[in-house]
Amino acid sequence: MSHPSETEQAERRFIFLTTFYVALRNARTFERNSATAQQSIAHLHEALSRIHRYEGIAALRRSANFLTLNGVRLKVSLSGLDIYHFLLNEMKSLGLGGISIEPGIDLAELEDAVYLLSRFKAEAQDALPLLGEECQRMGVTHVILEPYRASEADSRGTPKAQAAGAYHRSVEAVRKAWNGASRGLALDVRSVKRAIHETVEMALHDDFYLRSLSNNLRDYDEYTFTHSVNVSLLSISFAMYLGAPKRALGDLGVAALLHDIGKLSVPQEALRAERPLTESEWHLMRRHPIEGALALLRSPGISKAAIDSMAVALEHHRGVEGAGYPTVKGYGKSTIFGMIVSIVDCYDALRTPRPYRPRSINPVEAFRVMLAEAGSKFDPLLLRRFIEFQGFFPVGSFVVLNDGRAAIVCAQSGALDTVDRPTVRIAPSEGEGILVNLAQQGSESDLHIVKLRRQPQSQTEVEEYVAMI
Ligand SMILES: [Fe+2]
Ligand SMILES: [Fe+2]
């Protein structure tokens with residue numbers, strides 16, 4: 001016998017799918033103002049509210065031949081067969097891999113979304129971008145459409161391959177946003193959110209590979225892009241560690257990915273300078289938080305993600321109570337997202353060799369630099385939590401143990417007094433990949449880390465690293 005809450009969940013989901021199906025079908029036959037259409041939209045809205053209340057979001061996704069709702073595969077019952085195939089085929093014909101409906105959607109927006117989805121003529125190959133543009137034009141901001149990716153959905157691939165794919169798609173998303181904005185186009189926060197959505201789902205399942213990549217991947221020619229992605233992935237993982245709800249993770253991920261977008265207004269020459277910046281270059285550099293917030297303000301359609309991104313862009317260098325830049329009179333305390341991103345941003349910047357500082361700083365040195373500014377630049381409590389989350393040897397790092405064996409860091413101890421004693425996997429060639437929790441061993445063995453191996457320095461080393469984790 002199934003548990004009552006499972007039965008309730010199954011029923012809630014069934015009602016959502018049924019009302020979605022009825023609303024889409026009715027939208028095809030009836031005009032918007034007809035009583036039948038209005039009633040079916042109202043029923044769908046009610047069913048959605050229940051899903052949102054209990055599950056946070058309604059994310060319908062398809063794989064080659066089945067559907068999932070919020071990550072759980074939908075079972076096909078005989079009575080629901082028509083509904084199931086209708087939704088699957090609708091998504092196939094639009095090239096859709098997923099539809100996520102977020103909380104906060106009102107009846108009017110839901111009606112627009114249903115009419116767009118059901119009446120959109122999917123003849124062209126690139127129907128989905130057109131549909132996305134149409135959603136944007138109509139102000140449908142709570143419905144996220146994801147394209148179908150055959151290779152990924154059909155054979156989900158190894159977790160490592162999925163993480164590497166998500167990493168590169170995030171780089172592409174930020175590159176696209178950046179290039180578009182540099183050509184004077186408005187920032188498309190929604191498409192950035194789509195890229196992050198996948199990452200959040202993956203991180204919630206297991207964030208080991210994403211953390212490994214963000215701790216070790218750096219492209220020195222494309223510093224701005226990989227830095228933005230690293231800050232985004234690490235902010236998501238850190239917020240998960242702090243217990244943030246899933247809904248917040250996506251918006252934080254977007255905001256972190258776009259935190260430096262204002263650097264578009266700083267000349268490349270200044271961004272890559274190996275010399276001290278001139279006074280006017282400094283002036284421009286110190287304006288990038290304002291320029292970022294302004295660029296986000298110009299993005300079409302106001303959404304929670306866009307507002308959070310504005311705050312983070314503006315706040316990430318200003319310090320907890322405004323000791324940094326820019327100075328905004330009467331602004332008060334930074335937002336929690338702003339405080340998280342300012343910590344992760346500074347940490348990633350210190351860990352990356354730059355033209356003016358060719359040597360990367362190890363985590364302990366980075367923490368030392370940051371602790372000196374606890375209270376002014378960083379929230380002291382949050383910084384301490386970050387140190388215990390990240391540890392002296394970050395997840396995914398290669399380390400050498402005192403008995404000479406090589407190992408990879410898998411998880412932190414989660415306590416400040418054992419911040420140097422994570423759980424490691426001894427390299428397979430030297431010990432069958434056994435997991436050892438260095439914080440919990442007998443005192444005689446005293447196995448501990450003596451050295452952090454340096455981060456990959458070139459594209460070849462990066463590829464070797466990815467193959468080895
Ligand atoms: Fe910045
Ligand atoms: Fe930054």
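# Close-up views of a predicted model

**View 1. Helix 7 meets helix 8.** Where helix 7 passes helix 8, the crossing is left-handed. Bear in mind throughout that this is a predicted model. The axes of helix 7 (residues 159-182) and helix 8 are 9 Å apart, and the pair packs at an angle of about 160°. Angles over 145 degrees count as roughly antiparallel, so helix 7 and helix 8 are roughly antiparallel to each other. Which residues of helix 7 and helix 8 meet? From helix 7, look for Q162, A163, A166, R169, S170, A173 and A177. Facing them from helix 8 are S191, V192, A195, I196, E198, T199 and M202. Sort the residues of this helix 7 and helix 8 contact by class and you get 8 nonpolar, 4 polar and 2 charged.

**View 2. Helix 8 on its own.** Is helix 8 mostly covered or mostly open? Mostly covered: 14 of the 17 residues in helix 8 are buried.

**View 3. Helix 8 meets helix 10.** Here helix 8 packs with helix 10 (residues 223-241) at an angle of about 45°, and their axes are 11 Å apart. An angle between 35 and 65 degrees falls in the oblique class, and that's why helix 8 and helix 10 are called oblique to each other. The crossing of helix 8 and helix 10 is right-handed. On the helix 8 side the contact uses I196, T199, V200 and A203, while helix 10 brings S232, L233, I236, S237 and M240. Count up the classes in the contact of helix 8 with helix 10 and you find 6 nonpolar, 3 polar and no charged residues.

**View 4. Helix 9, tucked in.** Helix 9 runs over residues 208-216. How many of its 9 residues are buried? The count is 8, so helix 9 is largely enclosed by the rest of the structure. The buried residues of helix 9 are Y209, L210, R211, S212, L213, S214, N215 and N216.

**View 5. Helix 11 meets helix 16.** Helix 11 (residues 246-257) and helix 16 (residues 336-351) have axes that come within 10 Å and cross at roughly 50°. That angle makes helix 11 and helix 16 oblique to each other. Their crossing is right-handed. Helix 11 puts L252, A255 and A256 into the contact, and helix 16 answers with F337, I340, V341 and V344. What classes of residue make up this contact between helix 11 and helix 16? It has 7 nonpolar residues, no polar ones and no charged ones.

**View 6. A cis peptide bond at P326.** Zoom in on the loop between helix 15 (304-315) and helix 16, which is where P326 sits. Most peptide bonds are trans. The one from Y325 to P326, though, is cis, with omega near -5°.

**View 7. Q136 and its neighbours.** Q136 belongs to helix 5 (residues 127-138). Is Q136 buried or partly exposed? It has 18 C-beta neighbours inside 10 Å, so Q136 counts as partly exposed; a buried residue would need 20 or more. Leaving out residues up to four places away in sequence, Q136 touches R190, P300 and G301. Q136 and P300 are 164 residues apart in sequence, yet their C-alpha atoms are 7.4 Å apart in space.

**View 8. I57 in its loop.** You'll find I57 in the loop between helix 2 (35-55) and strand 1 (58-62). With 18 C-beta neighbours inside 10 Å, I57 counts as partly exposed. Setting aside residues up to four places away in sequence, I57 touches H52, N70, S100, E102 and R247. Its C-alpha atom is separated by 6.4 Å from that of P103, and I57 and P103 are 46 residues apart along the chain.

**View 9. Zooming back out.** The protein chain holds 19 helices and 10 strands. Of its 469 residues, 39% count as buried. Among contacts between residues at least 6 apart in sequence, 66% join residues at least 24 apart.

Terms used
Residues are numbered from 1 along each chain as its sequence is written. Chains are lettered from A and ligands numbered from 1 in the order in which they are written. This is a predicted model: local features need pLDDT of at least 70, side-chain atom pairs count only at pLDDT 80 or more; totals for chains, interfaces and linings use all residues. A residue is buried if 20 or more other C-beta atoms lie within 10 Å of its own, exposed if 12 or fewer, and partly exposed in between; C-beta atoms are placed from the backbone. Helices (H or I, at least four residues) and strands (E, at least two) are DSSP runs, numbered from the N terminus. Axes are lines fitted to C-alpha atoms, for helices over the stretch in contact, and angles run from 0 to 180 degrees between N-to-C directions. Angles under 35 degrees count as roughly parallel, over 145 as roughly antiparallel, 65 to 115 as roughly perpendicular and the rest as oblique. A crossing is left-handed if the near helix is turned anticlockwise from the far one by less than a right angle, and right-handed if clockwise. Two residues are in contact if their C-beta atoms, placed from the backbone, lie within 7 Å. Ala, Val, Leu, Ile, Met, Phe, Trp, Tyr, Cys and Pro count as nonpolar, Asp, Glu, Lys and Arg as charged, and the others, Gly among them, as polar.
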